[in-house]
Amino acid sequence: MTGAARFEVVVPPPADRSTRARLGLLHLPRGVVETPAFMPVGTNATIKALHPDEVEETGAQIILANTYHLYLRPGHERIARLGGLNEFMSWPHPILTDSGGFQVVSLGDLNAIDDDGVTFQSHHDGSRHRFTAERSMEIQAALGADVAVAFDQPVPPSSTDPRDVAIATERTHRWAVRSLEAHRRPEQALFGVIQGGLDPELRLQSTSFIAGLPFDGLNIGGLAGDETPAEREAVLDIVIPALDGDPRVRYLMGLGSPADLLEAVHRGVDLFDSVLPARVARNGQLWAPGGRLNIRNERFRDDPGPVQEGCRCLLCRRFSRAYLAHLFRANELLAYRLATCHNLTFTLDFMAGIRAALRTGNLPERLPELRQHARRRDHGASAVQPA
RNA sequence: GGGUAGGUUGAGCAGGUGGUGAGCUCAGCUGACUGUAAAUCAGCCGUCUUCGACUGUAGAGGUUCGAUUCCUCUCCUGCCCA
């Protein structure tokens, strides 16, 4: 372990095992993160549409940035010359850089995977680039975030061929070892990624393999795709118990809906990230305790009330639903900013609420008002009617 | 008043010089989005009994087996001339 990250359990799960949820503190070079925590995603060294001050106001204590994107543009060496990623984007708090592993999957046709690494075609200009574990570590070292992530090959739930799952998982293991060997910055933490798809045996193998390596944190990958909640819960119920007694932070990569967050917290996850609240906000979907609303719906054009009564965010403090509906229809830039502020504030407040409940030991199994935040096929929930 | 170019589903258009115009872009309506190729994408957007069918090219006539297309008149719009 690098020692750059230290996880401290403040309130452990209850002895009766009614939940595996725990309250913790993740100590990082640039700050302490209260867990369970949500990390907004700032792929291009910016939380889209927000000023760093506004990101702080949402309550975010750590954000995520992306190795692949920043390597392509503006270039990791340039960022290093300009003082590192935190300095470059004027974010003085912790940052976690994703390894570029996710782009192995998300860029689909634009790459070719082999046992040694991945050859990407840039989504900007089609130019070819080679990523290996060593390369990813080198780039992340240059970016200089608090936390780097080992290069991995996510297994999309849609890949049903067990051989593909096994191959990707084995690669992830080899790349994990190589990432550790290539890691040279003691002040930068390094997290490893557990894969294994939906296969219980592979997940268990992957968990013990990755947990057997001296990473500072343990990521659970490959679970933010098309799997059902039941499949996801089944995987977590294999991985988390296998980590019993392990002192490290557990990070479920890519989850972001409130209902998903609560479920995963109960299963013992400490850390999350997702583009969902921010992306959905830019596309006009606003989150509130009663559910979600599409602000572009006609009925909001004359609605003088706030998106969420009592919300402390930049949007709800001053503006009406009608105004936001207007901004979206007029394609005004303020729409994206206000909506993003709101959804991130909502998500960060939601996590703060979970922490407060854990502190007093009464985190509910399910919050009834969250049902409509779940995916449609889970509960058949329809779009929310505003309260 | 004379000439001229036009009139296509909310807007703007494409097409069509005798035999399939329900095609595009906006606008509009609804939904989706989870380690960001995403201020994006998808469906709908004349009517109906919606895997299809019907109606629809300013209006009225005419020619024709058949007219959105050709002819006549009327109405409306732009431009030019008086």
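Predicted model: local features only at pLDDT ≥ 70, side-chain atom pairs only at ≥ 80, totals over all residues.
A residue is called buried here if 20 or more other C-beta atoms lie within 10 Å of its own. By that rule Ala 133, Ser 136, Met 137, Ile 139, Gln 140, Ala 142 and Leu 143 are buried in helix H6, which covers residues 133-143.

**The surface near RNA strand B**

- RNA strand B is surrounded by 49 residues, and the closest of them are His 123, Pro 154, Ala 224, Gly 254 and Val 275.
- Several elements give two or more residues to this surface, namely strand E5 (63-66), helix H5 (101-106), strand E14 (271-274), helix H11 (276-282) and helix H14 (333-359).
- Helix H11 supplies the largest share of the surface near RNA strand B, with five residues.

**The nonpolar core**

- In soluble globular proteins, nonpolar side chains tend to be buried together.
- The largest nonpolar core holds 110 residues, and those with the most contacts inside it are Met 39, Ile 63, Ala 150, Phe 191, Leu 252, Leu 261 and Leu 324.
- Helix H14 provides the largest share of this core, with 12 residues.
- Leu 252 is in contact with Ile 220, Leu 223, Ala 264, Val 269 and Phe 272, once its neighbours within four places in sequence are left aside.

**Helix H6 and Leu 143**

- An α-helix has 3.6 residues a turn, so residues three or four places apart point the same way.
- Leu 143 belongs to helix H6, and this residue counts as buried because there are 24 C-beta neighbours inside 10 Å, where the cut-off for buried is 20 or more.
- Not counting residues up to four places away in sequence, Leu 143 touches Thr 67, Leu 70, His 76, Ile 79, Gly 84, Leu 85 and Thr 97.
- Leu 143 and Gly 361 are separated by 218 residues in sequence, and their C-alpha atoms are 39 Å apart in space.
- After helix H6 comes Gly 144, which has a positive phi near 75 degrees.

- Strand E11 (residues 189-194) pairs with strand E12 in the parallel sense over four bridges, and Ile 194 stands opposite Ile 220 in E12.
- Together, E11, helix H8 (residues 200-211) and E12 form a right-handed β-α-β unit.
- From E12 the chain then crosses through helix H9 (residues 229-242) to E13, and this β-α-β crossover is also right-handed.
- Strand E12 and strand E13 (residues 249-252) run parallel and are joined by four bridges, and Gly 217 has Val 249 in E13 as its bridge partner.
- Within strand E12 (residues 217-220), Gly 217 and Asn 219 point one way while Leu 218 and Ile 220 point the other way, and all are buried.

**The antiparallel pair E2 and E3**

- Strand E2 (residues 23-28) and strand E3 (residues 31-35) pair in the antiparallel sense, and five bridges hold between them.
- The two strands E2 and E3 are joined by a hairpin through two residues, and the bridge partner of Gly 24 in E3 is Thr 35.

**Cis peptide bonds**

- The peptide bond from Thr 35 to Pro 36 is cis, with omega near 0 degrees, and Pro 36 lies in the loop between E3 and strand E4 (37-40).
- Another cis peptide bond joins Arg 73 and Pro 74, with omega about 10 degrees, and Pro 74 is placed in the loop between helix H2 (67-72) and helix H3 (76-81).

**Positive phi outside glycine**

- Arg 17, a residue other than glycine, has a positive phi near 60 degrees, and its place is in the loop between strand E1 (6-11) and E2.
- Is Arg 17 buried or exposed? Arg 17 counts as exposed because it has 8 C-beta neighbours inside 10 Å, and the cut-off for exposed is 12 or fewer.
- Ser 90, a residue other than glycine, has a positive phi near 55 degrees, and this residue is found in the loop between helix H4 (85-89) and strand E6 (95-98).
- Ser 90 is exposed because 11 other C-beta atoms lie within 10 Å, which falls under the same cut-off of 12 or fewer.

Note on methods: Residues numbered from 1 in each chain as written. Chains lettered and ligands numbered in written order. Near = placed C-beta within 6 Å. Core = buried A, V, L, I, M, F, W, Y, C linked by C-beta atoms within 7 Å. Contact = placed C-beta atoms within 7 Å. Pairing = 2+ DSSP bridges. Right-handed = clockwise from strand over helix to strand, strands pointing away.
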